[in-house]
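Trainee: Could you walk me through this model with a few questions and answers?
Mentor: Gladly, let's look at it together.

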Amino acid sequence: MREAAASVGASAGGVGPAGPLVSGAEAEAEAAKLLPFLTPGARTDLQAAAARHVLGLTGSGPGRTLLTSRAALLRALVELAAAPAPAPAPARDAARALVNLTADPCLHDPLLAAEPGLPGRLLDRALDPQCPWAEEAAAALANLSREPGPCAALMEALGAGEPAECGLERLVRALCAPGYNARAPLHYLGPVLSNLSQRPGARAFLLDPNRCVVQRLLPLTQYPDSTVRRAGVVGTLRNCCFEHRHHEWLLSPEVDILPFLLLPLAGPEDFSEEEMERLPVDLQYLPPDKQREPDVAIRKMLIETIMLLTATAPGRQQVRDQGAYLILRELHSWESEPHVRVTCEKLIQVLIGDEPEHGMENLLEVQVPEDVEWHLQQLDLQEQEQCKREQQELASEPPAEGAVPP
């Protein structure tokens with residue numbers, strides 16, 4: 001287990017309706033006519049119609065390509081979307097259009113060429129507690145920050161704010177504070193933070209013991225109202241756990257990260273008294289209606305995060321001592337997704353297997369010979385193929401008698 005890279009970036013995808021299909025020449029002519037109506041000072045009704053039309057164009061590949069070839073139009077779109085509150089109503093459609101444009105990584109370069117300050121301007125709107133379309137701004141940032149260049153620009157924007165408060169602190173506060181923006185839920189700040197945590201500077205901030213950032217994020221691993229927010233927070237914690245020097249602190253009572261990672265993986269199992277005593281208090285005597293994390297990708301990330309915490313010998317011992325095996329054993333019996341079950345098996349093997357020989361105790365620092373690495377990659381590919389076959393077999397099985405097809 002070694003650090004190749006932090007986790008892949010999280011994204012928001014695209015939003016908004018697709019427009020009617022038009023020919024290339026017609027689209028060119030329409031795009032040329034739109035610019036005057038998107039600029040400040042245009043009549044609000046005409047500005048609204050123009051913004052809706054641009055949003056429609058972003059619903060198709062050719063429309064997005066056309067828009068990104070017109071720098072002046074992109075700048076006008078950004079100006080409208082980034083207008084401070086109170087802003088004209090068409091600003092929301094402009095922001096939605098930016099979500100669709102940023103969903104395509106190939107369009108990031110032309111977007112940033114037209115408006116180099118785009119990450120910072122979106123950040124201002126996302127963190128504005130009065131902005132009604134702050135969620136759309138956060139979603140566009142989640143898309144942009146998947147790529148290294150825009151992510152670096154966003155880090156710069158976060159560092160360019162008022163000296164009295166760090167930009168990352170503002171972002172974490174907006175993510176963690178209930179009702180920060182009464183008109184926007186800000187779920188997509190989760191993926192934004194996850195993408196930022198791929199950068200060493202962001203991880204240093206998140207893991208600063210004096211800031212108590214991780215402790216504020218941990219309750220969001222079970223946030224009930226948004227899969228997007230939960231996934232972003234778990235992805236952030238996973239990236240932070242690549243920093244093995246902080247494992248002792250993360251597992252200590254000061255942070256106590258492990259119960260927050262295990263609780264979403266736990267079900268309503270009734271353990272024996274002896275087994276129950278091995279579990280942290282928060283995992284004992286769970287109610288009979290306790291549900292596991294419903295999202296497959298989040299379950300896998302939670303297991304991978306615990307796996308990272310077992311990179312060192314003290315970490316493995318602490319994870320064992322807190323009864324993680326019991327939760328994982330029951331999860332493995334319950335889990336229906338083959339690739340998640342395989343990930344769970346690997347972690348169980350680490351916990352119940354023999355300790356590595358001297359000099360190889362830190363699994364993140366083990367140097368794997370190229371031939372061994374190639375062989376392991378082939379085994380991983382075989383496992384993935386086996387998982388695909390199992391999923392196909394499950395999908396092809398006829399429903400049980402009386403069952404309702406999905």
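Trainee: Which residues in helix 9 are buried?
Mentor: Helices here are DSSP runs of H or I with at least four residues, numbered from the N terminus. Buried means under 20% relative accessible area, exposed over 50% and partly exposed in between, with a 1.4 Å probe and protein chains only. By that cut-off, the buried residues of helix 9 are P150, C151, L154 and L158. They lie on the same side of helix 9 because they cover an arc (directions from the helix axis to the C-beta atoms) of only 100°.

Mentor: A word on the basis: this is a predicted model, where local features need pLDDT of at least 70, side-chain atom pairs count only at pLDDT 80 or more, and totals for chains, interfaces and linings use all residues. Residues are numbered from 1 along each chain as its sequence is written, and side-chain values use heavy atoms, leaving out hydrogens and water.

Trainee: Which residues are exposed on the other side of helix 9?
Mentor: The buried residues of helix 9 have cover that includes helix 6, helix 7, helix 8, helix 10 and helix 11. On the other side, the exposed residues are P148, E156 and G159.

Trainee: With which residues is E169 in contact, leaving aside its neighbours within four places in sequence?
Mentor: E169 lies in helix 10 and is buried, with a relative accessible area of 16%. Contact means heavy atoms within 4.5 Å. Leaving those neighbours aside, E169 is in contact with F205 and R216.

Technical notes:
Helix = DSSP H or I, 4+ residues; strand = E, 2+ residues; numbered from the N terminus.
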